[in-house]
Amino acid sequence: MRFMIIRRADKDTEAGVLPDEKLLAAMGAEFTPELREQEARIREQAATNLR
């Protein structure tokens with residue numbers, strides 16, 4: 001499963017500047033566990049629907 005995080009454009013994003021490491025680490029720490037949990041729920045529902 002793939003996820004995309006979209007953020008509002010500003011002068012840096014328009015110039016192609018990547019976010020700093022601190023921001024990426026914070027996003028990963030916050031979103032990754034939640035996304036994995038959601039993915040597990042979706043897989044469980046799909047398995048239940050196939051039975």
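Glutamate 39 is buried, with a relative accessible area of 17% (buried means under 20%, exposed over 50% and partly exposed in between, with a 1.4 Å probe and protein chains only). The structure is a predicted model, in which local features need pLDDT of at least 70 and side-chain atom pairs count only at pLDDT 80 or more, while totals for chains, interfaces and linings use all residues. Residues are numbered from 1 along each chain as its sequence is written, and side-chain values use heavy atoms, leaving out hydrogens and water.

Glutamate 39 has a partner in arginine 43, and their side chains form a salt bridge at 2.8 Å, N to O (a side-chain nitrogen of Lys or Arg within 4 Å of a carboxyl oxygen of Asp or Glu). Arginine 43 is exposed, at 54% relative accessible area. An α-helix has 3.6 residues a turn, so residues three or four places apart point the same way.

Helix α2 also holds glutamate 37 and arginine 41, again four residues apart, whose side chains meet in a salt bridge of 2.5 Å, N to O. Glutamate 37 is partly exposed at 47%, as is arginine 41 at 43%.

The whole structure contains three salt bridges; one of them joins lysine 11 and aspartate 12 at 3.9 Å, N to O. Here lysine 11 is exposed at 69%, and aspartate 12 is partly exposed at 36%.

Turning to the helix itself, α2 covers residues 21-50 (helices are DSSP runs of H or I, at least four residues, numbered from the N terminus). Its 30 residues reach 41 Å from first C-alpha to last, close to the expected 44 Å (1.5 Å times one less than the number of residues).

Key
Helices (H or I, at least four residues) and strands (E, at least two) are DSSP runs, numbered from the N terminus.
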